[in-house]
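Colleague: I'd like a close look at one part of this model, the place where the two chains meet. Could you walk me through it?

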Amino acid sequence: MLWAGLLTASAACYLLKLAGLSLPARLLQDARVQRTIPLVPIALLAALVATQTFSTGHHLVLDVRAAALGVAAIAVLLRAPFLVVVASAAATAALLRLL
Amino acid sequence: MSPARSGIVRDALGIGIASGAYALSFGAISTTAGLSVLQTCALSLLMFTGASQFAMVGVIGAGGSVWAGAATAALLGARNALYGVRLSSLLGVRGLRRAAAAQFVIDETTAMAIARDEVMDSRFAFWATGFALFALWNLGTLVGALATHALSNPRVLGLDAAPPAAFLALLAPRLRAREPFAIAIAAAVVALVALPFVPAGITLLMVAILVGLYGVLRPGGESH
């Protein structure tokens, strides 16, 4: 099941890339398509940040992940590299759990 | 090699090395989410688009279904189709070469290709960045996955709390104007409000549908 999902999603991502190179440009050059598609990752990434920080299953929770996100946000504002942002969040969660 | 070409090679290697470091965290997060080393490496080889890969393993790691993860990954990959449109006239590829080029159509290769004045430099930049990224992204993933796999409990390092930081780091460069910032806040609030009431995995799809409706229906279409 996990493999089926991984391979299906990989195939979908590849076909989207190929579609851009192959389809007639006018299909994707519609002004509404052009301005809507870039908004999708913004909304999805923001929703992923919120739900994966403040929920477990169907329950809203406030735990060490909120502090980890706060530290990550500071790292982002300081323009830290990606790995530093992720590592600082993980380290924050690990340290708070030791307390 | 001309000075322009050596500059491109230098930039491509720089991007490759940065993304290799970023792939270390993907390998670690994916393995912590419960994927095997082989599954983690397969995603980097076959999916090869960072935000989609992080979303896929993030949803699985948070206990969501693999199909909810797959749908989110595909929605995040839709932007690559727009990059393809911009690149298709520039690259001039057909047949097998186009099938190979397609796998490299991502944020970084597009940015490198469209920044050139000469079409031959654009093509060179696309392929140089694509090969450097593909090699180092997959190497970084393997190293991150193997290192995490060797740990008895990655939770001790807080790796299970790392995905939101990865999503935030991917989101931040897209928030440089007022509208995207407002959309991000609205999407986060809608997702949290809906979460206790809608079936698992539907929250993200609902957010995607709402932003799609907003994009299509909003007035003032001549913005870009």
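How many residues of chain A are in contact with how many residues of chain B?

Modeller: Keep in mind that this is a predicted model. On the chain A side, 67 residues are in contact, and they meet 81 residues of chain B. Quite a list of elements in chain A supplies at least two residues each to the side that touches chain B: helix 1 (2-22), helix 2 (25-28), helix 3 (31-36), helix 4 (39-54), strand 2 (59-60), helix 5 (64-77) and helix 6 (82-98). Helix 1 of chain A gives the largest share of that side, with 17 residues.

Now for how each partner is divided. Chain A splits into domain 1 (1-33) and domain 2 (38-99), and the centres of these two domains of chain A, taken over C-alpha atoms, are 29 Å apart. Chain B also has a domain 1 (3-174) and a domain 2 (176-224); here 24 Å separate the centres, again over C-alpha atoms. The contact between the two domains of chain B takes eight residues from domain 1 and seven residues from domain 2. On the domain 1 side of that contact, helix 4 (residues 66-91) of chain B brings the largest share, four residues. That side of domain 1 of chain B divides into four nonpolar residues, three polar and one charged.

Terms used. Residues numbered from 1 in each chain as written. Chains lettered and ligands numbered in written order. Predicted model: local features only at pLDDT ≥ 70, side-chain atom pairs only at ≥ 80, totals over all residues. Domains from an automatic or database assignment. Nonpolar A, V, L, I, M, F, W, Y, C, P; charged D, E, K, R; others polar.
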